[in-house]
Amino acid sequence: MTSVILKTATRLVGALVLVLSVYLLWRGHHAPGGGFIAALVAATGFALVALSEGPGVVRRGLGIRPQYLIGAGMGLSMGAGIAGMMRQRPFLTGIWWPSENPVVGTPLLFDLGVFLVVLGAILTVLLALEEN
């Protein structure tokens, strides 16, 4: 599509959508939100770019194949689950680092894994449909 209005709006709105996605991801382990909804919002931003600039721009911007995001997300989610088992706790038990002032923990890592799986799956389908 060669719409100047769409290309100009996508540059602004696409970046804002990705920032909103990061906010939803970070907020998700304390309140509603998280990896799934953040990935849906991020995919919307990538879909805008793919519609206005073409799927090649999205592929170059990602730098890796979307299928690799799925594998990395699965590994990260499994690692977050296994971390609890390594401390003699049930699978997917939340563990926070540092323990005296918790900032990062396995719930955030699990959310990040879900984010990568969902984003990778959506981008795989989206880019395949855009290229054909």
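The protein has 5 helices and 2 strands, where helices (H or I, at least four residues) and strands (E, at least two) are DSSP runs numbered from the N terminus. Reading from the N terminus, the order is α-α-α-α-β-β-α. This is a predicted model, so local features need pLDDT of at least 70 and side-chain atom pairs count only at pLDDT 80 or more, while totals for chains, interfaces and linings use all residues. Residues are numbered from 1 along each chain as its sequence is written, and side-chain values use heavy atoms, with hydrogens and water left out.

**Overall layout**

- Along the principal axes, the C-alpha atoms fill a box of roughly 55 × 25 × 20 Å.
- Of the 132 residues in the protein, 34% are buried; buried means under 20% relative accessible area, exposed means over 50%, and partly exposed is in between (1.4 Å probe, protein chains only).
- Take the contacts (heavy atoms within 4.5 Å) between residues at least 6 apart in sequence: 63% of them join residues at least 24 apart.

**How α1 sits against α2**

- The axes of α1 and α2 come within 8 Å and cross at roughly 165 degrees; axes here are lines fitted to C-alpha atoms, for helices over the stretch in contact, with angles running from 0 to 180 degrees between N-to-C directions.
- That angle makes α1 roughly antiparallel to α2, going by a scale on which angles under 35 degrees are roughly parallel, over 145 roughly antiparallel, 65 to 115 roughly perpendicular and the rest oblique.
- The α1 and α2 crossing is left-handed, a label used if the near helix is turned anticlockwise from the far one by less than a right angle, with right-handed used if clockwise.
- On the α1 side, the contact includes L6, V13, V17, L20 and L24, and on the α2 side it includes I37, V41, F46, L48 and L51.
- Sorted by class, the contact of α1 with α2 has 15 nonpolar, 5 polar and 3 charged residues. Ala, Val, Leu, Ile, Met, Phe, Trp, Tyr, Cys and Pro count as nonpolar, Asp, Glu, Lys and Arg as charged, and the others, Gly among them, as polar.

**Salt bridges**

- The count comes to 2 salt bridges, each being a side-chain nitrogen of Lys or Arg within 4 Å of a carboxyl oxygen of Asp or Glu.
- R11 pairs with E53, and their closest N and O atoms are 3.9 Å apart. Because R11 lies in α1 (residues 4-27) and E53 in α2 (residues 35-53), the pair ties together parts that are 42 residues apart in sequence.
- R11 counts as exposed at 59% relative accessibility, whereas E53 is partly exposed at 32%.
- R59 and E131 meet in a salt bridge with an N to O distance of 2.7 Å. This pair links distant parts of the chain, with R59 in α3 (residues 55-62) and E131 in α5 (residues 106-131), 72 residues apart.
- R59 is partly exposed, with a relative accessible area of 31%, and E131 is partly exposed too, with 43%.

- Leaving aside residues up to four places away in sequence, T106 touches A80, A83, T93, G94, I95 and W97.
- T106 and L126 are 20 residues apart along the chain, and their C-alpha atoms are separated by 30 Å.
- P107 also lies in helix α5 and is partly exposed, with a relative accessible area of 27%.
- P107 and G94 are 13 residues apart in sequence and 5.9 Å apart in space, C-alpha to C-alpha.
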